[in-house]
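Subject: Structure handover

Hello,

Here is the structure I said I would pass on. Please look through it first; my notes on what was found follow below.

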Amino acid sequence: MDNFGHLLDGFANVLTPMNLLIALLGVTIGTAVGVLPGIGPAMTVALLLPVTYGMEPTQAFIMFAGIFYGGMYGGSTTSILLNTPGESSSVVTAIEGNKMAKAGRAAQALATAAIGSFVAGTIATLLLVVVTPPVVAFAISLGAPDYFALMLLSFVAVTAVLGASRVRGFASLLIGLAIGVIGIDQTGQQRLTFGIPQLADGIDVVVVAVGIFAVGEALWIAAHLRRKAAEVIPVGRPWMGRQDWKRSWKPWLRGTAYGFPFGALPAGGAEIPTFLSYATEKKLSKHPEEFGKGAIEGVAGPEAANNASAAGTLVPMLAIGLPTNATAAVMLAAFQQYGIQPGPLLFERESGLVWTLIASLFVGNLLLLVLNLPLAPAWARLLRVPRPYLYAGIIFFASMGAYAVNAQPFDLFLLLTLGLIGFGMRRFGLPILPLIVGVILGPRAELQGRRALQLAGGDLSGLLGGWVSWLIYATVLVVLLWPLLGRFLVRPLRERLVTG
């Protein structure tokens with residue numbers, strides 16, 4: 001009951017005229033930027049991080065929560081009307097959603113996506129309230145070796161699971177770790193500063209996030225630019241008939257059940273639950289013949305899974321300080337720009353801020369439903385913005401935001417350099433998330449590793465710790481050796497069973 005009491009205090013902080021206005025502004029900006037083609041929630045959050053830089057922390061995180069959920073909502077509009085997913089988790093929504101739009105049912109597709117996102121977001125945020133405090137209580141019992149092992153697991157998970165190959169994943173991670181160690185270490189030694197005074201304090205995470213996501217994406221799109229705006233399918237006022245409601249409510253709930261737990265897993269993300277939700281709805285549907293031609297269940301379930309996973313990512317981020325996807329990694333950067341360290345002590349040191357943030361997720365979710373249903377035609381008009389103007393604007397605002405962090409012209413040079421790195425990574429198929437995780441968690445992993453070794457007098461056995469670290473190291477070994485196990489154990493056993 002104490003948690004719900006804290007949550008009510010959070011609502012009291014959010015439900016003031018000024019904070020409600022900030023929440024409305026956050027969801028509006030988040031949705032508007034998220035609607036634009038090629039811009040997913042992670043890039044939306046990275047691009048708009050500097051907007052909150054000069055604000056008071058509580059108000060900044062109210063706006064930030066709106067931007068976070070708004071970016072998730074906006075991506076479905078692009079997927080349905082343009083068949084252009086902002087990120088991989090929206091691919092499944094585009095499969096059926098765009099087919100519905102081409103069949104003249106764009107309004108119903110947008111409505112089930114918006115209402116499903118609201119239902120999933122509300123349930124998942126309630127689960128966040130219930131699940132996070134027990135995770136915090138467990139995290140407090142962990143020592144330096146356990147935290148080092150957890151971060152090692154995060155490194156391995158994001159590199160082994162994401163991307164076209166593990167080699168590319170580890171290459172991306174190494175780039176991130178190299179950027180993360182720039183500056184003066186704990187012993188006072190300079191690393192990779194090349195005698196440049198501005199690098200002595202390291203590279204600000206906000207500059208890294210904006211450079212890799214916003215500038216890198218803008219350069220990548222510019223290299224493949226079409227000179228005219230994309231063709232947008234007309235849409236009326238979103239609405240759902242009785243039959244649409246009947247076919248949507250169960251997929252909403254099932255999608256939520258898939259999305260939340262996967263969002264909380266390292267590298268679980270939203271891709272797996274959205275595909276699982278799509279496969280489940282296709283199997284359970286009474287209208288399987290409509291799949292591939294515009295089945296409403298194929299929009300309702302995956303979109304609910306996508307938004308539920310977004311709330312799931314906040315559990316390990318708030319309780320342990322571990323980002324499980326790109327959006328959570330950028331959110332972690334937002335905490336760090338205010339000198340706030342997510343983890344088990346966050347609920348004790350910044351209790352008011354955390355519960356206000358969680359309460360603002362509920363408020364932002366409701367505001368998004370109110371905004372998205374009547375304003376869908378207006379969002380669709382945004383898609384007619386010519387891409388040269390769109391991405392020129394992105395680079396302009398990214399540059400202004402990066403400069404505002406430290407008011408140093410040198411940061412603009414860093415921004416361009418990081419943008420070129422982001423462009424090169426997209427060109428050669430390197431995933432972005434391992435780099436961001438390396439930049440954020442690299443210094444923290446080094447800190448926990450140093451502490452563990454100091455407590456053990458320099459003995460490597462100090463990294464082993466208790467049963468938690470042993471279990472994590474065993475998981476890491478399984479993940480790393482799984483291709484070999486599959487080749488030499490699982491495949492021969494399967495063939496033996498088939499022939500036998």
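**Salt bridges**

Aspartate 244 and arginine 105 meet through their side chains in a salt bridge, at 3.0 Å from N to O. A salt bridge here is a side-chain nitrogen of Lys or Arg within 4 Å of a carboxyl oxygen of Asp or Glu. This pair links distant parts of the chain: aspartate 244 belongs to helix α9 (residues 242-264) and arginine 105 to helix α5 (residues 91-140), 139 residues apart. Helices (H or I, at least four residues) and strands (E, at least two) are DSSP runs, numbered from the N terminus.

Before the rest, a note on the source. This is a predicted model, in which local features need pLDDT of at least 70 and side-chain atom pairs count only at pLDDT 80 or more, while totals for chains, interfaces and linings use all residues. Residues are numbered from 1 along each chain as its sequence is written, and side-chain values use heavy atoms, with hydrogens and water left out.

Is aspartate 244 buried or exposed? Aspartate 244 has a relative accessible area of 7%, so it is buried; the term means under 20% relative accessible area, with exposed over 50% and partly exposed in between (1.4 Å probe, protein chains only). Arginine 105 counts as partly exposed because its relative accessibility is 27%.

The whole structure holds five salt bridges. In general, side chains of opposite charge can pair when their charged atoms come close. Another of these bridges joins arginine 191 to glutamate 446, with the closest N and O atoms 2.8 Å apart. Arginine 191 is partly exposed at 23% relative accessibility, and glutamate 446 is partly exposed at 22%.

Glutamate 297 forms a salt bridge with arginine 247, again with 2.8 Å between the closest N and O atoms. That pair links glutamate 297 in helix α11 (residues 297-319) to arginine 247 in helix α9, 50 residues apart. Both glutamate 297 and arginine 247 are buried.

**Cavity and pocket**

Rolling a probe the size of a water molecule over the atoms shows where empty space is left. The search runs on a 1 Å grid over the protein atoms alone: a cavity is a set of points where a 1.4 Å probe fits but cannot get out, a pocket is an open set with protein on both sides within 12 Å along at least five of seven lines, and lining residues have an atom within 4 Å of a point. Grid points are joined across faces, edges and corners, and a volume is the space filled by probe spheres set on the points.

How many cavities of 30 Å³ or more are there? The count is one. The largest cavity holds about 60 Å³ of space. Its lining consists of Tyr73, Ser76, Thr77, Leu110, Ala114, Asn372, Ala376 and Trp379. Helices α4 (57-82), α5 and α14 (351-382) each supply at least two residues of that lining. By class, the lining has five nonpolar, three polar and no charged residues, where Ala, Val, Leu, Ile, Met, Phe, Trp, Tyr, Cys and Pro count as nonpolar, Asp, Glu, Lys and Arg as charged, and the others, Gly among them, as polar.

The second largest pocket has a volume of about 560 Å³. Of the 31 residues that line this pocket, Gly180, Ile182, Asp201, Gly202 and Ile203 lie nearest its centre. Helix α17 gives the most to the lining, with five residues. The lining of the second largest pocket has 15 nonpolar, nine polar and seven charged residues.

With a relative accessible area of 13%, glutamine 448 is buried. Leaving aside residues up to four places away in sequence, glutamine 448 touches Ala144, Tyr147, Phe148 and Met151, a contact being heavy atoms within 4.5 Å.

The chain has 18 helices and two strands. Of its 500 residues, 55% are buried.

Regards
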